[in-house]
Structure formats: structure tokens, C-alpha cells
Amino acid sequence: MLLTLQDLTVRRGLCPVVEAVSLTVAPGECVGLIGPNGAGKTSLLRGALGLLPATGHSSLAAMTPDARARAAAWLPQAREIAWGISVAHLVRLGRTPHLGRGLDDDGAVTHALGRMGLAQFRDRTATQLSGGEQARALIARALAQEAPLLLADEPIAGLDPAAQIATMRVFARLAEEGGAVIASLHDLGLAARHCTRLIVLSAGRLVADGPPRAVLTPDLLAEVFDIRAHLSDTPDGLVFQPLDTLHHHGGF
Ligand SMILES: Nc1ncnc2c1ncn2[C@@H]1O[C@H](COP(=O)(O)OP(=O)(O)OP(=O)(O)O)[C@@H](O)[C@H]1O
């Protein structure tokens, strides 16, 4: 297993915002972590990494920082790049856990830039990229780490449609190559099409876990997301379109 969580509970202040979550993630899985705003997705990812205090067990949080940096790459939600360094230099920072180990760091940087369609940007100053380009550069930095597991918090937010699809395909490919990805996502259509498995959080609890077709039922969409949606199997895969809010939870 690349990740094991047992009864992971994360508190912010006195309130548990993630409650007794248990799950395992195996090589080959591209997992979409879904749930409404405030459901606890970021808290779960950060708790699993040991970046937030948590009770219960996380196999990653239990590792030494060096071992963890080789076991898992982390793409946080904040996308701002503060340093006026080249894109290649930024992506190379992802190699930090491996430096001095005689690995092909230049090759890993070039490969990660290529995967994110940034080869022509490698010598540009990172702070002079557009918001979406900066987001792709930060994904490339996480890819350059070449860890078996990637945890990504809303990785496709702010990307144009082509870049969103391409990024989800990169994640699916990582899983096919024997790694695993856990990405928090709000776009349920892309989650349904590209993930092998969806994990649903609602008010800090894991309420569904399985293949997209089994998880995205009308009842779950109504109960957890407060929406009605169209779902159909097509030659292009599962197509999901939100149609309306149900206002069970009051709407705005
Ligand atoms: N620093 C904090 N102090 C207290 N409560 C917090 C803090 N950060 C987050 N919370 C609360 O914890 C809960 C879970 O937040 P979290 O960011 O994990 O949700 P999320 O599912 O990632 O949401 P979103 O989709 O909006 O990013 C929310 O109710 C939020 O208000």
C-alpha cells in the first residue's frame, strides 16, 4: 500500500473536521477526493501528510521527513510562486529529496516539464507566467519529485479546459505506471471520467468510496452535494453534468 489511514481524526480548534477516516491507497489508483466546500478534503490530505496534528494512524505521517519526501509529493492549494527563478530551477526544487543520490535529476526535470507542456517555458522567469502556467509549473515540480504517491489539493483549479484534461491524463498515466494519485477535485465530471476511484467526504466523514459509476448516485449527489445532475455512459466514458441545486441545505 502507498497510503494507509486508520481512524484519522483532524481537529481545527476544538472541532473535529475529519472524523475517524480509514482507507488504503494501492499502486495503480487515481483517486478523486470529492466533497462540498468545508467537507475536510484539505484537512484530510494535510493530516495524512503529518502537516496538521491528527489522531489515529497515517503511514505517511509516521515516516521521517526524508523518507516521506521520497514516498509522497504534495501539491498544496496555494499556487503563488514567490521567487523570480527560472521555471526549470523551480521544477528542480522537486528533486531536493534525491540530490546527491546519483540520480538523473536533469532528466527528471525535463520529463516533468514535458509532461506539463512546459518545455518552451523552461528558461522563463516563473513569476512572469500566467496564473494557470504557474499552476502547471508547480504540478511539474511535484512530478519531478518522482514519488510513488502524489497528493494534490485542487490541482486543476484555474486551468483552462485543455490543461485540465491533460493534467487529469497525466495523473491517470502515473497510476497506470504503478504510482498512485489522490487529488481533491470540485469538477465531478473530470473526476468521473479520469479517476479509477472516488472518495467522498461530507462534514468530515467518509461517506462513499468506490468506482465513479457506483459512487455518483442521484441520492448521494442530492444528500452530499445538494444537486441534481445528468449522468450517462457514452463511448467517451462517463459524462456528468450538474443541472440544478436542490436547496436542501438552504442554498445561499
Ligand atoms: N485554520 C482553521 N481553523 C479553524 N477551522 C478551520 C481552519 N481551516 C479550516 N477550518 C475548517 O475546517 C473545515 C474543513 O476545511 P477544509 O479546508 O479541510 O475543507 P475542504 O473540503 O478542503 O474545503 P474547500 O473545498 O472549500 O477547499 C471547514 O469547516 C473549515 O471552516
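First, the ground rules. Residues are numbered from 1 along each chain as its sequence is written. The model is predicted, so local features need pLDDT of at least 70, side-chain atom pairs count only at pLDDT 80 or more, and totals for chains, interfaces and linings use all residues.

UniProt, in an unreviewed entry, lists residues 3-228 as "domain: ABC transporter". Its positions follow the numbering used here, feature names are shortened, and annotations may be inferred rather than shown by experiment. Over residues 3-228 the chain is 36% helix and 26% strand. Helices (H or I, at least four residues) and strands (E, at least two) are DSSP runs, numbered from the N terminus.

Now the sheets. In general, strands of a sheet pair through backbone hydrogen bonds, either parallel or antiparallel. Here, two strands pair if DSSP finds at least two bridges between them.

Are the residues of E5 buried or exposed? Ala72 and Trp74 point one way, Ala73 and Leu75 the other, and all are buried. Buried means 20 or more other C-beta atoms within 10 Å of the residue's own, with C-beta atoms placed from the backbone.

The other open sheet has 3 strands, ordered E2-E1-E4, with antiparallel pairing. Its edges are strand E2 (15-25) and strand E4 (54-58), each with a single partner strand, so one side of each is left without a neighbour in the sheet. Strand E1 (residues 3-12) and E2 share 7 bridges, and leucine 3 is opposite valine 25 in E2. H1 packs on this sheet, touching E1, E2 and E4. Contact means C-beta atoms, placed from the backbone, within 7 Å.

Finally, the ligand. Which helix gives the largest share of the shell around the ligand? That is H1 (residues 41-49), with 3 residues. Residues around the ligand include Arg12, Gly38, Lys41, Thr42 and Ser43; a residue counts as near if its C-beta atom, placed from the backbone, lies within 6 Å.

Definitions and conventions:
A residue is buried if 20 or more other C-beta atoms lie within 10 Å of its own, exposed if 12 or fewer, and partly exposed in between; C-beta atoms are placed from the backbone. Two residues are in contact if their C-beta atoms, placed from the backbone, lie within 7 Å. Axes are lines fitted to C-alpha atoms, for helices over the stretch in contact, and angles run from 0 to 180 degrees between N-to-C directions.
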